[in-house]
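Hi there,

Here is the structure I promised to pass on. Please have a look at it first, and then read on for what I found in it.

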Amino acid sequence: MIIELGHYALVLALATAIIQAALPVLGVRRGDRSLMDLASSAAIVSFLLVFFSFAVLTFAYVTSDFSVRNVWENSHSLKPLIYKISGVWGNHEGSMLLWLLILVFFSMLVASFGRNLPDTLKANVLAVQAWISTAFTLFILLTSNPFARLVPAPGEGRDLNPVLQDIGLAIHPPLLYLGYVGFSVCFSFAIAALIEGRIDAAWARWVRPWTLAAWTALTAGIAMGSYWAYYELGWGGWWFWDPVENASFMPWLAGTALLHSALVMEKREALKIWTVLLAILTFSLSLLGTFLVRSGVLTSVHAFATDPTRGVFILAILVLFIGGAFALFALRASHLKAGGLFAPISREGALVLNNLILTTATATVLTGTLYPLVLEALTGDKISVGAPFFNITFGLLMLPLLFAAPFGPLLAWKRGDLAGAGQRLFAATAAGLLVAAVLYYAKNGGPILAPLGIGLGAYLILGAVTDLMLRSGIGKVAGRVAARRLAGLPRSAFGTALAHIGLGVTLIGIVAVTAYETETVVEMKPGMLAEAGGGYTLRFDGMREGRGPNYTADSGHFTVSQGGVKVTEIWSSKRLYSARRMPTTEAGIRTFGLSQLYVSLGDEMGGGGIVVRIWWKPLILCIWGGALVMMTGGIVSLSDRRLRVGTPSRARKAPPLAVGAAE
Amino acid sequence: MIRLLVVLFLCISVSPALAVNPDEVLADRGLEARARAISAELRCMVCQNQSIDDSNAELAKDLRLLVRERLKNGDSDEAVIAYVVSRYGDFVLLKPRFEVKTLLLWGMPLVLLAVGVMTLFVAARRRRARPVGTPLSDEERAELDKLLRS
């Protein structure tokens with residue numbers, strides 16, 4: 001009964017979404033306040049309904065109600081509770097419901113936190129959000145109903161794919177969707193601005209927090225996914241340029257560009273049309289990602305052709321929204337008046353360069369991802385576009401961006417002084433080169449590019465620190481004054497610095513692992529020793545059998561020693577999940593500072609031997625640590641006063657200046 | 001569920017054992033390094049986006065052995081790759097060759113950068129041609145003079 005109620009709530013959510021999609025727009029046309037106000041209530045009701053529906057599905061999973069087909073296909077009564085819950089979104093139907101839940105969650109946030117938005121803008125934004133949610137609710141109800149029953153109900157479920165039974169994958173999709181779907185708000189704001197034909201700095205100020213929030217969540221989601229792949233897939237790779245990864249990476253790149261261009265628009269009223277276009281593009285890429293992953297078109301064009309219902313439906317949504325948005329853009333963009341002027345060498349100029357490179361990089365990833373599909377559809381030729389292609393094209397594109405990043409914040413708005421900025425970055429540059437030289441010497445030569453790459457990372461970090469030092473006058477004025485000035489800097493200045501520092505940290509991690517990791521593949525028998533890299537030695541002590549709630553495990557025990565002294569021990573296992581008879585690796589990982597020792601078990605050989613793969617991954621934690629620092633930058637920037645005064649309760653008390661700017 | 005598909009596929013096609021086994025490794029370190037570099041650029045045909053270096057599918061193993069065999073016979077890296085492509089087609093290359101059908105793929109970044117730079121250039125010129133703001137009216141000028149003189 002409760003299951004049917006969940007299904008019914010979803011149908012009701014469709015009805016409210018349709019109301020929210022149509023009436024507020026009518027209200028704006030007629031100037032009818034009551035119709036416009038309907039948008040907020042509808043958004044909140046919609047959220048409650050979808051939330052109820054989602055809760056019902058979760059309930060079905062937690063209680064292992066196998067009369068629901070979706071639960072039977074993806075759950076098992078013996079599964080630990082957390083994976084019963086994460087199983088809700090560990091499948092197509094459930095993950096689409098999560099997508100919808102997050103979409104209406106954001107609409108609800110706009111409805112409740114956007115009280116200081118102009119009535120017409122708010123009504124239009126919420127209506128556009130509802131267009132999207134109507135489409136996706138229809139999609140779920142018509143092609144992917146998670147509440148379908150199974151008669152008679154089976155006694156036991158088929159279990160969730162074992163590789164997904166992992167804490168990393170339990171929280172990865174919600175974070176990723178928060179990012180993906182969060183950009184819908186930027187999209188809706190852009191469409192609303194185009195409908196009204198009016199856009200100003202205040203618009204950018206309203207859009208920026210949503211962009212920041214979505215970007216921060218997406219950064220977390222991608223980093224989480226990358227770390228999960230690293231420890232779960234068992235061969236120590238952390239990024240594969242896989243189409244599904246690219247699907248999440250493209251909105252991130254475009255979103256990063258949007259974050260920067262919205263800055264220009266907010267401060268200088270320039271790049272208006274471009275910012276609107278970027279907002280549309282970013283969410284379009286999110287939709288495209290959903291299509292690529294959900295339609296099955298990636299696994300094989302043929303799989304897509306044999307069961308095209310879902311794929312065609314999402315494709316229709318895609319065409320409708322992206323096509324519609326671009327058509328509207330073409331019609332109305334000329335109505336938006338261009339704003340502030342600036343010289344090529346200026347903060348704006350630097351941000352334009354950032355946008356140019358990031359959008360080109362996005363397009364490169366997009367081309368690389370879709371090229372094999374399109375080529376095969378058009379000519380029948382099959383080609384592959386894999387990691388080596390992306391590494392070289394994407395890598396080359398990023399180089400100038402990394403060099404330029406520290407310059408941006410040091411240049412003045414309108415007209416900057418490049419030579420001056422270069423001078424101020426002298427210390428950072430020198431330090432970066434010094435790091436490279438020392439490293440080159442310490443490694444006794446070797447490839448020259450690796451030390452230079454790490455030096456570039458150091459330069460990025462120090463460049464960001466330089467900016468903060470210059471702003472607060474550290475080294476120029478008395479320490480106390482400088483400290484007070486530093487504390488008084490706007491939070492967004494710290495946000496920028498942290499994001500750029502994080503970029504440098506990630507770069508260092510990537511270069512160090514790529515250039516200096518060592519791999520050892522050996523067949524080991526109990527008692528044998530192997531050089532593990534990083535100065536550590538590994539002794540294989542033997543295997544032990546174990547058993548978990550829904551799997552059996554073969555674990556190998558290793559002792560790690562350095563210079564003959566025991567340091568620590570490592571368990572590395574292979575699991576066999578009972579329900580699906582599916583094996584997984586649980587690599588043994590030990591962290592030493594920022595580096596890791598990674599031990600993965602291979603095939604068993606005759607006579608008690610087993611193939612063991614040992615990697616020494618120097619500074620690998622920097623890769624995700626950098627992402628963490630970037631996220632912190634996003635959160636710090638979100639707490640900036642400029643954005644906070646936008647909230648209703650503060651606006652009343654805020655000084656006249658802030659109120660004036662928010663009007 | 002961004003990786004679901006990949007993951008599903010991986011699980012169908014691979015057991016947890018991975019990639020290069022000790023018995024495949026060549027005694028000659030230089031040759032082995034070259035074999036690894038070549039392997040990283042060749043696709044495991046039955047896997048989803050994995051190189052034969054990362055995959056442990058049977059086919060990947062055969063290809064790895066084949067690459068090592070050719071290298072031992074004294075083939076150059078290019079010759080080995082050309083041989084594999086002649087047997088399996090372009091699909092086996094993870095980094096597509098630069099040719100007519102991949103023109104757009106390789107050219108896209110450059111074309112986009114060029115278009116972007118040109119657009120910026122044109123926009124800047126157009127903007128420079130346009131007078132900035134509105135000229136001062138006579139009254140404003142008089143007001144300004146008064147302020148400057150005082």
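A:Gly533 has A:Tyr536 as its bridge partner in β3(A). The two strands involved are β2 (residues 529-533) and β3 (residues 536-547) of chain A, which pair in the antiparallel sense over four bridges; strands count as paired if DSSP finds at least two bridges between them. The hairpin of β2(A) and β3(A) has two residues between the strands, and A:Gly534 takes a positive phi near 65° there.

Before I go on, a word on the source. This is a predicted model, in which local features need pLDDT of at least 70 and side-chain atom pairs count only at pLDDT 80 or more, while totals for chains, interfaces and linings use all residues. Residues are numbered from 1 along each chain as its sequence is written, and chains are lettered from A and ligands numbered from 1 in the order in which they are written. Helices (H or I, at least four residues) and strands (E, at least two) are DSSP runs, numbered from the N terminus.

Three residues make the hairpin link from β3(A) to β4(A), and A:Arg539 has A:Thr559 in β4(A) as its bridge partner. Next, β4(A) and β5(A) run antiparallel and are joined by twelve bridges; A:Tyr551 is partnered there by A:Tyr577 in β5(A). Finally, five bridges join β5 (residues 565-577) to β6 (residues 582-586) of chain A, again antiparallel, and A:Leu576 stands opposite A:Pro583 in β6(A). Four residues lie between the strands in the hairpin of β5(A) and β6(A), where A:Arg581 has a positive phi near 50°.

If you look at side chains here, remember that in a regular strand they alternate between the two faces of the sheet.

**The four-stranded sheet of chain A**

Another open sheet has four strands in the order β1-β9-β8-β7 (chain A), with antiparallel pairing. Its edge strands, β1 (518-524) and β7 (588-592) of chain A, each pair on one side only. From one strand to the next, the twist averages 15°. Strands β8 (residues 595-604) and β9 (residues 610-617) of chain A run antiparallel and are joined by seven bridges, with A:Leu601 opposite A:Val612 in β9(A).

**Helices of chain A**

Helix α1 (residues 2-30) and helix α2 (residues 33-62) of chain A have axes that come within 8 Å and cross at roughly 160°. That makes α1(A) roughly antiparallel to α2(A), a label used for angles over 145 degrees. The crossing is left-handed, meaning that the near helix is turned anticlockwise from the far one by less than a right angle. The contact of α1(A) with α2(A) has 27 nonpolar, six polar and no charged residues; Ala, Val, Leu, Ile, Met, Phe, Trp, Tyr, Cys and Pro count as nonpolar, Asp, Glu, Lys and Arg as charged, and the others, Gly among them, as polar.

A:Arg294 sits in helix α10 (residues 272-295) of chain A. A:Arg294 is buried, because 23 other C-beta atoms lie within 10 Å (20 or more are needed, with C-beta atoms placed from the backbone). Leaving aside neighbours within four places in sequence, A:Arg294 is in contact with A:His92, A:Arg310 and A:Ile314, where contact requires C-beta atoms, placed from the backbone, to lie within 7 Å.

**Chain B and where it meets chain A**

Chain B has six helices and zero strands, and 31% of its 150 residues count as buried. In all, 43 residues of chain B are in contact with 59 residues of chain A. On the chain B side, α1 (4-13) and α5 (103-129) are the elements that give two or more residues. α5(B) gives the most, with nine residues. By class, that side has 28 nonpolar, seven polar and eight charged residues.

Best wishes

Technical notes: Contact = placed C-beta atoms within 7 Å. Buried ≥ 20, exposed ≤ 12 C-beta atoms within 10 Å, placed from the backbone. Axes fitted to C-alpha atoms, helices over the stretch in contact; angles between N-to-C directions. Parallel < 35°, antiparallel > 145°, perpendicular 65-115°, else oblique.
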